[in-house]
Amino acid sequence: MITKIFGVVVVTAGILLSGFVYISEKNGGPFPLAFGLDLAGGTHLIYNADTAALDERERKESLIALREVIERRTNLFGVAEPLVQIEESSFVAETREDRLIVELPGVTNLSEAVRIIGETPLLDFRVEDSTAALDAAEEDRYVSVGLTGRFINSAELTFAGGGHSGGLSNDPVVLVNFNTEGSDLFEQITRDNVGKQIAIVLDGAVISAPVVREAIAGGTASISGGFTPEEARDLVRDLNFGALPVPIELISTQAIGPSLGKAILEEGAIAGAFGLMLIIIFMVVWYRLPGVVASLSLIFYIALMLLMMKLIPITLTAAGIAGLILSLGMAVDANVLIFERMKEELISGKGVKDSVKDGFTRAWLPIRDGNISSLIAAIILFWFGTSIIEGFALVFALGVLLSMFSAITITRVLLLAVAPKEVGKMSRALFGSGIKL
Amino acid sequence: MFVVHYKNIFLGIGVLLLAAAIGSIAFFGLRYSIDFTGGTLLEISYTQERPSQENVQSKVENLALGSFSVRASGEDGYIIRTRDLNQNELDAVTELLTFEENIVSMDRVTTIGPSLGNELGRKALFALLALSFVIVFYVAYVFRRVSKPVPSIYYGLIVVLALLHDIIIPTGFFAIMGYYFGAEIDTLFVVALLAILGYSVNDTIVVFDRIRENIASNIERNVKEEFEITVGKSLRQTYLRSINTSITTAIALLALFFLGAGVTENFALVLLVGVVAGTYSSLFLAAPLLVLLQKKIFKG
């Protein structure tokens with residue numbers, strides 16, 4: 001009796017679970033599935049951050065600053081839920097590189113995306129290099145001293161009119177306010193270089209190179225040098241958004257239009273539904289009643305997978321959909337193992353209930369050992385991970401765990417619930433496909 | 001069981017298939033996608049009927065971007081592959097490919113720098129090696145109690161031999177696919193190989209597990225049995241499960257191949273070949289190899 005109650009509980013739970021998954025995916029439901037860029041459309045950019053000249057501490061700080069600046073910038077341009085990450089190239093790469101990964105969902109125009117990031121100014125204060133050749137290019141006559149846009153608090157626009165220069169000129173001047181650390185650095189640099197030139201380099205070009213007359217305390221530098229008022233205004237705006245602490249270079253881009261992803265999703269759903277139906281037909285034809293149980297367990301498994309993907313959440317990608325469909329085929333494996341084992345027990349003359357119980361016990365070891373090897377593969381896949389692969393690896397690993405779970409709990413409870421006490425003609429027909437009892 | 005009895009035939013078939021796969025890799029070569037070589041891949045479609053391939057080809061040629069390829073994709077689009085383009089070049093391509101009223105839509109634009117491509121290649125190789133390495137020791141550990149007549153480390157080594165078989169065959173298959181249909185080795189292909197590894201090891205372990213159990217039960221019941229017979233019995237007890245699981249997996253993959261999205265078509269195909277190869281290797285290669293090993297080396 002108790003087994004029957006368990007059976008009813010499991011079926012009810014399965015129905016509730018499926019219902020929740022369905023409702024939560026309808027418009028505005030809680031916990032919608034998260035779709036990756038390849039399904040939702042968007043832009044994926046990978047930049048190389050040039051940190052070669054920095055020591056370890058500076059490198060870390062600069063990368064954090066870089067991430068913050070780019071994040072602020074994408075937010076200001078109204079990109080919903082941008083993802084900005086810093087990643088180090090893997091240890092198998094030829095040289096160590098620091099990378100900035102930017103994902104912009106919904107931005108399907110690549111040039112627009114590149115522009116959003118690309119206009120982040122790179123500001124660097126450099127001092128005269130006395131060892132440089134006289135005929136060196138202007139940029140090469142100065143050396144970096146580590147005072148970059150990272151130390152800028154804010155910028156403002158003024159006009160050097162009237163009083164200062166005495167003329168009628170109305171040259172725009174950009175005032176840069178350093179943060180505390182930057183102020184100290186600036187003061188020290190100016191003190192050490194009195195009488196020398198300090199170049200202000202914006203995006204690789206020297207804007208101006210005034211001669212330092214005395215140490216400058218207070219943490220404000222002024223940049224003037226032939227801006228038009230518009231250029232000056234844009235520079236102030238961009239500096240206030242944040243300036244790049246290190247130069248970045250675009251090394252990989254991917255822009256995906258919205259139509260492609262939608263098709264992938266729809267086709268994936270159809271393929272999944274069809275695959276599921278065929279697997280169920282196969283299982284029921286081959287294993288009869290246990291096949292029906294395995295099919296219920298499989299549906300339970302799908303609902304559980306979707307639920308976990310919603311709750312964790314795991315971002316669904318095209319590769320993830322493929323992994324999900326593949327897992328449908330593999331998820332019944334544990335059931336198949338158990339059923340084959342159960343048949344052997346039936347053949348040896350045990351009752352149906354005992355056969356079910358012993359079948360489970362004996363099948364557990366190969367299920368466990370085999371699935372652990374699949375999990376090892378998933379972990380290595382995840383490590384291998386570009387974002388495409390990580391999506392697949394997560395689905396694969398989750399699939400292994402949940403299919404194991406659904407086989408040893410749900411299939412078991414349901415089988416015990418439907419197993420008859422006596423081995424009669426009926427139970428032979430229902431359980432014993434392909435065997436003579 | 002007949003598999004053990006005719007093991008030389010089954011091993012022979014496996015070796016022949018392997019040789020054929022290696023031969024086709026050597027003969028046809030492998031085509032690597034921009035994931036590995038770096039470059040730009042444009043997937044475009046048109047609002048109206050797509051212009052002819054020659055037309056698109058000559059347009060791209062005008063830009064003098066170096067070598068490139070154009071192939072039809074779906075019903076209204078093309079896939080164009082070039083060296084890695086910068087933003088200005090991309091804009092120029094977009095502009096050129098619009099034919100007056102017939103507006104081009106850039107469905108997917110992917111550019112991968114060469115350094116990133118190189119790194120992916122290394123990573124892929126490393127992942128395959130790392131997985132094989134971990135698996136040998138995992139299997140040796142799982143079967144540590146089985147040391148007679150064949151030491152457990154050999155179980156691990158045989159699993160890896162089976163693995164090699166299972167990834168060389170789909171790769172050989174892909175070399176042929178690449179030669180005739182332009183299929184390219186990309187990130188998803190590597191994912192498929194790693195998934196095949198997971199599947200195949202699982203499959204082989206189930207067979208070995210049965211051998212382990214039968215040996216243990218023989219010892220317990222004090223029954224002396226030829227190793228060959230134990231292996232044959234174990235195979236007979238597991239082959240239905242192996243075949244049924246590969247059938248359900250194949251059903252899922254066939255659905256993915258025929259009904260699923262274009263991006264995962266080749267992925268499904270590689271996996272399908274791999275799953276068949278994996279099932280073959282665990283039933284017809286791994287277990288017979290174990291018997292062969294015992295007969296030749298661990299006779300005592």
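Analyst: Axes are lines fitted to C-alpha atoms, for helices over the stretch in contact, and angles run from 0 to 180 degrees between N-to-C directions. Residues are numbered from 1 along each chain as its sequence is written, and chains are lettered from A and ligands numbered from 1 in the order in which they are written. This is a predicted model, where local features need pLDDT of at least 70, side-chain atom pairs count only at pLDDT 80 or more, and totals for chains, interfaces and linings use all residues.

User: How are helix 8 and helix 10 of chain B oriented to each other?

Analyst: Helices (H or I, at least four residues) and strands (E, at least two) are DSSP runs, numbered from the N terminus. Helix 8 of chain B spans residues 187–220 and helix 10 of chain B residues 265–296; their axes come within 9 Å and cross at roughly 25°. Helix 8 of chain B and helix 10 of chain B are therefore roughly parallel.

User: Which residue classes make up the contact of helix 8 with helix 10 of chain B?

Analyst: Contact means C-beta atoms, placed from the backbone, within 7 Å. The residues include B:Phe189 and B:Asp203 of helix 8 of chain B, and B:Gly274 and B:Leu283 of helix 10 of chain B. Ala, Val, Leu, Ile, Met, Phe, Trp, Tyr, Cys and Pro count as nonpolar, Asp, Glu, Lys and Arg as charged, and the others, Gly among them, as polar. By class, that gives 14 nonpolar, 7 polar and 1 charged residues.

User: Is chain B compact or spread out?

Analyst: Chain B has 10 helices and 4 strands. The radius of gyration is taken over C-alpha atoms, and the globule rule is 2.2 Å times the number of residues to the power 0.38. That rule gives 19 Å for 300 residues, but chain B has 24 Å, so chain B is more spread out than a compact globule.

User: What radius of gyration does chain A have?

Analyst: Chain A comes to 13 helices and 11 strands. Its C-alpha atoms fill a box of roughly 110 × 40 × 35 Å along the principal axes. A compact globule of 437 residues would be near 22 Å; chain A has 33 Å.

User: What percentage of chain B is buried?

Analyst: A residue is buried if 20 or more other C-beta atoms lie within 10 Å of its own, exposed if 12 or fewer, and partly exposed in between, with C-beta atoms placed from the backbone. In chain A, buried residues make up 45% of 437. For the 300 residues of chain B, the value is 50%.

Technical notes: Parallel < 35°, antiparallel > 145°, perpendicular 65-115°, else oblique. Contact = placed C-beta atoms within 7 Å.
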